[in-house]
Amino acid sequence: MDNLKVFAHFTKGSFLAVVRGSKGYYVWLLALGVLIALGAAAYQHQLSHGLITSNMRDQVSWGFYIGNFAFLVGVAAAAVVLVVPAYVYNWGPIRDVVLIGELLSVAAIIMCMLFVTVDLGRPEFVWHLMPIVGTPNFPHSLLTWDILVLNLYFLLNWFVVTYILFTAFKGRKYNPRIVLPIIFLSIPFAIGIHTVTAFLFMGLKSRAFWHTALLAPRFIAGAFCSGPALIFLIFRVLRRFGRMQISDAALFKIGELLAYAMALNLFFVATEVFTEFYGQTSHTVHARFQWFGLHGDSSIAIYTWAALACNVLALIIFMVPKFRLSLQILTLGCVFSFCGIFIEKGMGLLLPGFTPDALGEVYGYAPSMNEVLIGIGIWAIGALLFTWMARVAIAITAGDLRLTRA
Amino acid sequence: MGFFSRNKQSRAPKERAQKGSSRREFLKTAATVGAGAAVGAPAVASAMEFDFETFMQKNFRELSDEELQAVLDRLERKYSKKYGKDVEVSAIGPMDGVLYGYGLDISRCIGCRRCVYACVEENNQSRDPEIQWIRVLEFERSAALREIKLEDGNPYYEHEEVPAEGKFYIPISCQHCEDSPCSTVCPTGATWREPDGIVVIDYDWCIGCRYCMASCPYGARHFNWGEPNLPAEDVNADMHILGNKPRTRGVVEKCTFCIQRVRNGRLPACHEACPVGARKFGNMLDPNSEIRYLLDNKRTFVLKAELETHPKFFYFWGTEGRS
């Protein structure tokens with residue numbers, strides 16, 4: 001059977017896999033659909049009136065959207081953290097589930113691109129930064145690097161996933177000589193996308209809060225705390241609802257990895273706090289805003305302490321064997337870890353960078369309802385895409401979705 | 001793949017060369033595809049007031065002489081019709097042997113903000129939402145004896161009379177840095193430093209990512225968050241395409257040293273408006289200019305010198321007494 005016919009069967013089978021499901025599955029789809037529709041309506045509102053529908057202003061010119069972007073780049077990168085034990089150390093129990101991690105990576109990168117797009121003042125002119133048709137300011141602008149590496153990483157993961165699934169669909173095993181080099185390549189790329197995104201912020205000498213070499217290592221530590229935590233939660237859902245075989249050993253291994261990652265992350269927080277508050281300069285005002293608030297605006301401070309509490313609790317759970325080896329408590333730890341990093345690397349990164357602004361003004365930014373609706377809509381799109389990709393992947397790896405010769 | 005090296009200067013109009021035709025061919029194909037897509041998205045298009053020629057317009061620095069003239073003609077027709085005035089849009093290039101610099105005498109500034117309003121009158125900013133390119137910070141005079149901390153400055157002062165007792169004033173606008181962070185970080189090459197030192201923005205090329213705003217240490221760049229509102233009676237019909245031509249929603253704007261004035265030998269609007277002579281301007285390469293006199297004879301400082309952006313906006317205390 002020629003490849004085109006095979007692909008047609010694959011498409012039809014995938015379509016059926018995502019369209020047919022249990023009642024619970026349809027409820028999930030409906031819920032996501034509602035959130036996506038709300039987000040789309042909110043985005044249309046933004047397209048009609050401009051970014052004034054957000055609460056961003058000159059003083060805080062990036063906010064909720066870019067905060068989510070920075071966080072999700074970390075999730076996308078951390079998906080491959082499972083690749084290391086699976087393939088480098090040839091650890092079987094994780095091997096079977098690496099695919100899910102890569103699907104999460106794909107969904108996360110799509111969400112990243114959506115968040116950047118909705119943040120643009122004139123998204124219809126995004127072609128201005130593409131090569132050949134536009135005039136990208138490469139290599140000077142870090143943004144052009146970010147777009148480049150994000151797209152390459154996306155293509156890497158997308159290729160691996162579709163290749164493995166397509167060959168499995170045909171009833172054959174994938175060729176390791178094709179797959180393994182690309183998977184190994186994705187490891188430095190994962191570090192790379194994260195580092196470039198950190199460089200975006202770090203390179204700005206105008207923003208003392210970000211102008212630190214520690215930002216790139218902190219990004220990676222944060223990514224390794226949030227990405228695997230999300231994967232853990234997704235695995236539990238897939239075991240329960242997706243009829244997927246994932247061993248407890250694989251889940252506990254993730255808990256072990258998270259212990260190292262969170263310890264490192266909290267170490268970085270401690271080094272930051274020491275540097276800022278021991279030798280105080282005029283730049284410390286940003287850290288003071290972050291931890292204590294300024295001029296009566298203490299909204300971000302509450303979240304900073306909440307994030308710290310989440311992370312410390314998560315660390316305790318990951319490190320104490322009695323807790324880590326209890327599936328329920330470990331699940332709680334992963335929720336804490338994910339939320340803690342979401343605050344730290346999302347708004348907790350963006351707001352202190354811009355507050356006070358370049359001329360010392362404190363503008364109390366909190367996202368508007370329109371921004372939040374668009375953000376939730378994008379997360380819902382990511383969840384929907386991941387759900388569909390996972391259903392196809394599970395159907396194929398479980399043997400339900402196979403090419404049958406006529 | 002770099003089209004423009006950092007701080008590369010634009011060419012003066014007469015030197016702008018023809019670009020290769022292969023890219024133009026590709027653009028035509030892309031244009032056809034783009035046209036097809038645009039026709040299929042009427043809702044989005046109407047929301048963004050779609051205009052095909054404007055949409056396909058190239059980066060200012062890539063325009064040939066003919067293309068630039070076509071753009072200027074189109075803009076003149078569009079603005080004349082929209083505002084009911086005889087609008088002229090110029091693209092006059094830099095003069096040779098010129099590097100503009102600005103001086104600000106803190107001992108004289110009384111915080112009247114006439115510069116702020118003159119700038120708005122000259123440069124076609126949106127009136128609602130209100131955009132101002134100059135920000136005047138009010139400081140406690142006693143603080144200056146120790147240090148000037150920008151966060152102690154108050155840009156929102158309101159007094160019946162200025163200067164207020166015990167205060168002094170520092171107006172801040174674009175510093176036109178010799179090593180500007182904004183032109184380094186702009187992903188599309190929409191902002192750059194011209195040969196005469198003015199940092200400009202191609203308003204039609206900006207995609208509104210606001211990376212430049214994050215990179216500016218002086219809060220000098222402003223964004224059109226909403227639809228700009230510029231009443232016809234307030235329009236200044238003498239425009240420069242890189243200066244005071246009206247901006248659209250979703251693009252960044254800032255002081256251009258009144259490029260439409262200074263390249264024709266006039267002074268910036270803020271300079272003319274200042275009632276106390278606190279503002280100095282000129283060609284730093286001209287030994288007879290007031291700015292050269294200032295630099296050679298007064299002790300000047302720049303804001304945030306430690307960042308090494310090398311601003312061309314020099315602050316000083318010209319007289320004894322006030323502060």
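Analyst: Two residues are said to be in contact if their C-beta atoms, placed from the backbone, lie within 7 Å. In this predicted model, the contact between the chains takes 53 residues from chain B and 44 residues from chain A. On the side of chain B that touches chain A, helix H1 (21–39), helix H2 (42–47) and strand S3 (135–140) are among the elements that each supply at least two residues, and by class this side has 31 nonpolar, twelve polar and ten charged residues.

User: How do you know that the span of helix H10 of chain A agrees with its number of residues?

Analyst: Helix H10 (residues 248–278) of chain A has 31 residues, which at 1.5 Å a residue should span 45 Å, and because its end C-alpha atoms are 44 Å apart, the two values agree.

User: What makes a residue such as Leu251(A) in H10(A) count as buried?

Analyst: The cut-off is 20 or more other C-beta atoms within 10 Å of the residue's own, and Leu251(A) is buried by it, as are others in H10(A), including Ile254(A), Met262(A) and Glu276(A).

User: Which residues touch the most other members of the largest nonpolar core?

Analyst: Of its 192 residues, these are Leu103(A) and Cys112(A), while helix H6 (residues 98–119) of chain A gives the largest share, 15 residues. Leaving aside residues up to four places away in sequence, Cys112(A) touches Phe69(A), Leu72(A), Val73(A), Ala76(A) and Leu150(A).

User: Where in chain B is the pLDDT below 50?

Analyst: Chain B averages a pLDDT of 87, with 82% of the residues scoring at least 70, but over residues 1–22 of chain B the pLDDT is below 50. Where pLDDT is low, the predicted coordinates should not be read in detail.

How values were computed
Residues are numbered from 1 along each chain as its sequence is written. Chains are lettered from A and ligands numbered from 1 in the order in which they are written. This is a predicted model: local features need pLDDT of at least 70, side-chain atom pairs count only at pLDDT 80 or more; totals for chains, interfaces and linings use all residues. Helices (H or I, at least four residues) and strands (E, at least two) are DSSP runs, numbered from the N terminus. The expected span of a helix is 1.5 Å times one less than its number of residues. A residue is buried if 20 or more other C-beta atoms lie within 10 Å of its own, exposed if 12 or fewer, and partly exposed in between; C-beta atoms are placed from the backbone. Ala, Val, Leu, Ile, Met, Phe, Trp, Tyr, Cys and Pro count as nonpolar, Asp, Glu, Lys and Arg as charged, and the others, Gly among them, as polar. pLDDT is the predictor's confidence in each residue, from 0 to 100. A nonpolar core is a set of buried Ala, Val, Leu, Ile, Met, Phe, Trp, Tyr and Cys residues joined through C-beta atoms within 7 Å.
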